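Please view the sequence and the structure below before reading on.

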Amino acid sequence: MYYGHPYWYAVHPYYMYPQVADNRFIYPNDQEAFRDGDEFDEDMERRDYGRRPYVVNIERATRRNNAYRSALWTGRHLQVTLMSLRSREEIGFERHPQTDQLIKIEQGRGLIQIGDSRQRLEVEQQVRQGDAIMIPAGKWHNLTNIGRESLKLYSIYAPPEHPFGTVQQTKQNAGNHHHPPYHHREDEEELE
């Protein structure tokens with residue numbers, strides 16, 4: 001589809017940016033981002049594409065992610081991470097005082113628990129592929145994989161919760177890297 005001369009736009013259309021020119025991750029003319037038989041470049045998911053326009057088949061990227069947590073896109077006000085929980089693995093109760101979170105399940109079954117404290121839960125229910133979970137800032141929450149296959153999900157944090165470029169292969173790696181929530185500083189240089 002032709003949109004006219006690029007200088008007519010205040011912001012160039014997504015296909016003008018070289019970082020989204022890989023046709024496995026963008027949708028030129030509404031074509032599938034991946035085709036049967038395409039080889040998948042594992043390094044493509046291990047890079048944080050934040051602070052640049054980026055278009056991705058999020059469902060496919062999520063299902064193909066095998067890392068416990070991998071930051072896919074970290075911006076000033078929003079972060080997208082991919083996660084994979086092994087059978088019977090849980091995230092563990094956590095709370096983000098200043099960060100709202102959305103979790104979208106792409107594969108598997110889980111048990112979500114949300115409440116004001118670990119002992120006072122408002123929500124405790126099973127979730128599965130297609131379910132979305134909204135978690136307000138300040139609520140304790142935990143997600144446990146109750147199925148036999150990996151639980152694949154993506155999580156959206158606003159504002160960002162993890163450092164730019166976070167990749168944690170296993171939950172043990174994540175437990176060893178305690179960090180304050182990642183919040184962009186206005187004077188921060190552009191991330192490369």
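## Overall organisation

In the protein chain, 65% of the contacts with a separation of 6 or more are between residues 24 or more positions apart. The model is a predicted one.

The protein chain contains 3 helices and 10 strands. Read from the N terminus, its elements follow the order α-α-β-β-β-β-β-β-β-β-β-β-α.

## Burial and surface

Of the 192 residues in the protein chain, 43% are buried.

## An open sheet of four strands

Four strands form an open sheet in the order E3-E8-E5-E6, and their pairing is antiparallel. Strand E3 (94–95) and strand E6 (121–128) each have a single partner strand and stand at the edges, so one side of each lacks a neighbour in the sheet.

Within this sheet, strand E5 (residues 109–115) pairs with E6 in the antiparallel sense over 7 bridges. Arg 109 has Arg 128, in E6, as its bridge partner.

Ser 155 lies in strand E9, which covers residues 151–158. Is this residue buried or exposed? Ser 155 counts as buried because its relative accessibility is 0%, and the cut-off for buried is under 20%.

The side chain of Ser 155 makes a polar contact of 2.8 Å with the side chain of Gln 101. When neighbours within four places in sequence are left aside, Ser 155 is in contact with Gln 79, Val 80, Thr 81, Gln 101, Leu 102 and Ile 103.

Conventions:
Residues numbered from 1 in each chain as written. Predicted model: local features only at pLDDT ≥ 70, side-chain atom pairs only at ≥ 80, totals over all residues. Heavy atoms only, no water. Pairing = 2+ DSSP bridges. Helix = DSSP H or I, 4+ residues; strand = E, 2+ residues; numbered from the N terminus. Buried < 20%, exposed > 50% of the residue type's maximum accessible area, 1.4 Å probe, protein only. Contact = heavy atoms within 4.5 Å. Polar contact = N/O pair within 3.5 Å; in protein donor to acceptor, adjacent residues only side chain to side chain.
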